[in-house]
Amino acid sequence: MMDKSWVHLNRVTDEYLVGASNFIKIAAKNLGYPHKMLCPCKNCRNLSHQEMSIVYEHIVINGVDPTYTIWFHHGEDIIEDETDESLNDGEAYNLYIAAYRHDENFEESAQPALDDEWKQQVNDANSHLYDGCTKYTKLSSIVALYKLKKMHSWSDTSFNGLLELISDMLPSPNVLLKSMYETKKYLKKFDLQNEKIDACVNDCCLFMKENKKLENCPNCGASRWKVDERTNRVKKGVSAKVLRYFPIIPRFRRMFRSQKTAEDLRWHFKNKSEDGKMHHPVDSATWDLVSDKWPIFASDPRSLRLGLATDGFNPFGMISTQYSCWPVMLVIYNFPPWSCMRKENVMLSLLIPGPKQPGKDIDIYLQPLVDDLKMLWDGVSANDAYDNENFKLRALLLWTINDFPAYGNLAGCTTKGKHAYYVDLFNFVGCTPLKDI
């Protein structure tokens, strides 16, 4: 067993620095003194190889990934008796939890008992790439290769050839997947659920609810399906424009099923600034306004306070190509200041397609998100792993974060010219001429 007592110490202490240095030395010895090793820090999470000095820096700056409890990537032996007990601490377990345990009436604790099928799936994901391999598992190897494919824009054909070649180079037997089809099918188990909603090409409506079965826009008459520009033939079944919505309610429920995350989501309740300075949104006037206006909502520390951010960008990265795609992000301000803006806590909720920006019609695309926010205001059932109880989860949107043109789109006001207005959301008085500010 490798010494892990230093991992939970303050990272500026001499004991932590000595422990990190000893870890590098022991891991290098166990792995045969390679030029690079997998970095176990909170950011890299054993998915990228780094030089020894870089691994040391990452461990000191970022800390060790808390889900990495058995350091088998760095030469620690896995004790058979501990396999089942530590099964629910691994990354594969967390991915399966997020992928499958999303039923609305979930009433179990945050650590449900693993049945045989569940245990088999997690063990399969954590299985060594080949006998004696301590660096990669079946899951980590295919994730690392798939990440390279996306980064370097490899074609599916070239990726298939690479997988076949690497599989042939590795000792037999090995568990490396051998085609793009197998890779997609395998990673589908951990897929982030999303809803594909057809939209009018002229941004008039979404084909949902009462419009779900329509084939033409009820406002402008445009076809729901793609139309061949030369023959005007309608390609039925091929959507002309698709909005992607990533439901937020199941994701909020999952956050409270983690005991550590559920505890962090309460941070704001007892950490308001006492020196008169603003250290966190909890110290803002808007936060106090919400607490005073809706005291029942504010009385539960688990009530979520959100910020919405959006802007357009060109996903193709080419100035010559005019295409504007608009992601809509949600920020959760319940978290402490050192984690509320971390990328894993900023949620992608909507992906509004191009090729042109939605402009003032952005409210059409916000409909599914607004519907869920309304449900969250009324409250939805959820399970709290920290208190081990069921409760009514509620959420409220505090503000939006955007530049001035996007602000005009979201607020529905003109923000340029002599008729420019701004929205005074703080006092809820509607639009005010800029010249009167």
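This is a predicted model: local features need pLDDT of at least 70, side-chain atom pairs count only at pLDDT 80 or more; totals for chains, interfaces and linings use all residues.
Start by selecting α1 and α2: the two helices cross in a right-handed way. Residues are numbered from 1 along each chain as its sequence is written, and side-chain values use heavy atoms, with hydrogens and water left out.

Helix names follow DSSP runs (H or I, at least four residues, for helices; E, at least two, for strands), numbered from the N terminus. Two packed helices are described by the angle between their axes and the distance between the axes. For α1 and α2 (residues 52-62), the axes come within 10 Å and cross at roughly 145 degrees. Axes are lines fitted to C-alpha atoms, for helices over the stretch in contact, with angles from 0 to 180 degrees between N-to-C directions.

Now show the side chains at the contact (heavy atoms within 4.5 Å). On α1, pick Y16, L17, A20, S21, F23, I24 and A28; on α2, pick M52, V55, Y56, I59 and V60. Colour them by class and you get 11 nonpolar residues, 1 polar and no charged ones. In this scheme Ala, Val, Leu, Ile, Met, Phe, Trp, Tyr, Cys and Pro are nonpolar, Asp, Glu, Lys and Arg are charged, and the others, Gly among them, are polar.

**Rings next**

The structure holds 11 aromatic pairs. Rings of Phe, Tyr and Trp (its six-membered ring) pair if their centres lie within 6.5 Å; planes under 30 degrees apart are stacked, over 60 edge-to-face and the rest tilted. Zoom in on W6 and Y16: the centres are 5.2 Å apart and the planes sit at 75 degrees, so this pair is edge-to-face. W6 lies in the segment before α1 and Y16 in helix α1, so the pair ties together parts 10 residues apart in sequence. Both are buried, W6 with a relative accessible area of 4% and Y16 with 0%; buried means under 20%, exposed over 50%, and partly exposed in between (1.4 Å probe, protein chains only).

For charge over ring, select R394 and W377: the charged end of R394 sits over the W377 ring, 4.5 Å from its centre. Then try K293, whose charged end is over the ring of W294 at 5.7 Å from the centre. The test asks for NZ of Lys or CZ of Arg within 6 Å of the ring centre and within 35 degrees of the ring normal.

Most residues other than glycine have a negative phi, and most peptide bonds are trans. Go to Y33, a non-glycine with a positive phi of about 50 degrees, in the loop between α1 (14-30) and β1 (36-38). Y33 counts as exposed, at 60% relative accessibility. D203 also has a positive phi, about 60 degrees, but D203 is buried at 2%.

S172 to P173 has omega near 0 degrees, with P173 in the loop between α6 (156-169) and α7 (180-187). G354 to P355 has omega of about 10 degrees, with P355 in the loop between β9 (346-352) and α12 (362-365).

Zoom out: the chain has 14 helices and 14 strands, and 42% of its 437 residues count as buried.

Technical notes:
A crossing is left-handed if the near helix is turned anticlockwise from the far one by less than a right angle, and right-handed if clockwise.
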